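Dear colleague,

I am passing on the structure we spoke about, together with some notes on what was found in it. Please look at the sequence and the coordinates first, and then read on.

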Amino acid sequence: MAEQLTGKKILLGVTGSIAAYKAAELVRRLQDVGAEVRVVMTAAACEFITPLTLQTLSGHPVALTLLDADEESAMGHITLARWADWFLIAPATADTLSRLVQGRSDDLLTAIHLASEARLVCAPAMNNKMWSHVATQENLTSLRSRGAVILGPASGDQACGEQGEGRLLEPVDIVTALAESVVPAVWAGKRVLITAGPTHEPIDPVRFIGNRSSGKMGFAVAQAAAEAGAEVMLIAGPVGLDTPTGVNRHNVGTAAQMYAAVMQQLTMMGSRDIFISVAAVADYRAETVAPHKMKKSAQQGITLPLVSTQDIVAAVAALSTNRPYVVGFAAETEKVADYAQEKLKRKGLDMIAANEVGAELGFASDDNALQVFWETGSQEVPRGPKLTVARSLITIIMGQINADSTS
Ligand code: C5P
């Protein structure tokens with residue numbers, strides 16, 4: 001597994017934690033698996049370990065300051081930012097995480113973060129109370145939603161004398177975890193179209209028919225596809241989520257707008273290899289939308305005539321030219337496998353990913369589990385974070401596309 005790191009250019013960011021002494025060992029372990037390592041340190045890190053130690057081990061001068069003419073003429077911060085495949089910050093203090101979230105650039109390490117397209121990986125180290133503080137946890141959520149990978153922390157004795165979560169992972173474990181999170185570029189060159197989120201069908205200017213979809217699963221699928229090297233266009237319903245790194249996004253409100261955006265992408269923007277329909281598209285819309293806010297009447301209730309929306313995924317599956325490989329989703333509250341297989345056939349899909357939605361999983365949850373079906377087989381994806389589940393789905397889709405093309 002660790003051979004995935006061979007030849008990778010890893011910029012190691014060291015920040016001011018007592019665990020900074022482990023950075024010396026980490027440089028060695030990364031070199032053991034064939035990675036090229038350069039080091040940037042914050043001023044606080046230099047209080048714990050000398051730059052000379054890391055310079056000697058890495059074989060290169062350690063980058064320390066932003067406004068130093070000599071350093072800039074050696075390998076300036078922009079060159080360093082471009083050089084890196086991965087920006088691994090280990091140890092990452094609570095303060096560093098918060099400064100990354102804010103997009104600060106008042107020291108070399110944070111300026112490189114802003115200037116670099118390298119994948120960000122943080123191995124946090126801090127006191128357990130600082131780790132569990134809501135501010136730190138919100139910072140982690142924010143970094144993860146931007147595509148950063150967080151490794152650890154471990155639990156146990158802390159330098160401050162307390163016990164708990166917040167210890168830097170051991171260098172050898174950081175290297176293993178890093179290698180595991182390298183996603184092979186199995187979708188390099190693929191053009192992928194994805195829908196995500198709910199649709200909102202207006203009733204009048206202030207009311208709509210909607211559903212509980214958070215868009216998290218669709219956004220995770222878009223992120224996983226982009227990580228795997230695909231060129232991704234995401235058609236998103238109304239959700240409050242950040243666009244994953246490297247993903248193109250087009251926002252829509254209604255099912256009709258989503259249909260139009262999908263068809264425009266498939267018919268006017270060149271062909272797509274794969275269409276993954278994760279959106280929870282409304283099945284019905286109000287027959288007419290009232291031009292002004294509807295007034296409460298004296299009567300007991302109202303009847304709202306509804307008409308069916310267009311089934312987007314079925315329409316894509318029925319395309320006679322430029323038809324992509326079509327993957328649908330099925331959120332069910334019961335008889336998941338039966339309903340999903342019926343939908344696979346009725347809508348003419350190549351694959352369907354079914355999940356049970358209810359008390360714990362689905363919609364707003366950060367976790368999911370899937371049962372994936374295609375005409376001749378099926379596979380389960382066990383419960384896990386939506387991004388992990390999405391990465392497994394990408395592997396399953398690729399496996400089936402390859403199997404279909406060789407059969
Ligand atoms: O029929 P049901 O809504 O359960 O099917 C779910 C699948 O169909 C999902 O892939 C969803 O994105 C897609 N769908 C669609 N257009 C609709 C309704 C559902 O693309 N109008």
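The notes below take up the domains, the sheet and some local features in turn.

This is a predicted model, in which local features need pLDDT of at least 70 and side-chain atom pairs count only at pLDDT 80 or more, while totals for chains, interfaces and linings use all residues. Residues are numbered from 1 along each chain as its sequence is written, and side-chain values use heavy atoms, with hydrogens and water left out.

The domain assignment gives domain 1 (2-180) and domain 2 (191-288 + 302-406), with bounds that come from an automatic or database assignment. The centres of domain 1 and domain 2, taken over C-alpha atoms, are 36 Å apart. Five residues from domain 1 and five residues from domain 2 take part in the contact, where contact means heavy atoms within 4.5 Å. Between domain 1 and domain 2 an area of about 350 Å² is buried, 25% of it given by carbon and sulfur atoms; buried area is the accessible area (1.4 Å probe) that two parts lose on being put together, summed over both. On the side of domain 1, Arg 119, Ser 145 and Arg 146 lose the most area to domain 2, and together they make up 78% of what that side buries.

Across this interface the rule finds one salt bridge, that is, a side-chain nitrogen of Lys or Arg within 4 Å of a carboxyl oxygen of Asp or Glu. The side chains of Arg 119 and Glu 227 meet in a salt bridge, at 3.3 Å from N to O. For the whole model the count by this rule comes to 19 salt bridges. Another of these joins the side chains of Glu 25 and Arg 29 at 2.6 Å, N to O; both residues lie in helix H1 (residues 22-32), four residues apart, about one turn of the helix. Helices (H or I, at least four residues) and strands (E, at least two) are DSSP runs, numbered from the N terminus.

Turning to the strands, an open sheet is formed by five of them in the order E2-E1-E3-E4-E5, with parallel pairing; two strands pair if DSSP finds at least two bridges between them. Strand E2 (36-41) and strand E5 (149-150) stand at the edges with a single partner strand each, so one side of each is left without a neighbour in the sheet. Strand E4 (residues 119-124) pairs with E5 in the parallel sense over two bridges, and Cys 122 has Ile 150 in E5 as its bridge partner. Elsewhere, strand E18 (residues 367-374) and strand E19 (residues 377-385) pair in the antiparallel sense over seven bridges. A hairpin through two residues joins E18 to E19, and Trp 374 stands opposite Gly 377 in E19.

Some backbone details may also deserve a look. Most residues other than glycine have a negative phi, and most peptide bonds are trans. A cis peptide bond joins Ala 90 and Pro 91, with omega about -5°, and Pro 91 is found in strand E3 (residues 86-92). The bond from Gly 152 to Pro 153 is also cis, with omega near 5°, and Pro 153 lies in the loop between E5 and strand E6 (154-157). Asn 322, although not a glycine, has a positive phi of about 55°, and this residue lies in the loop between helix H12 (312-317) and strand E16 (325-332).

With best regards
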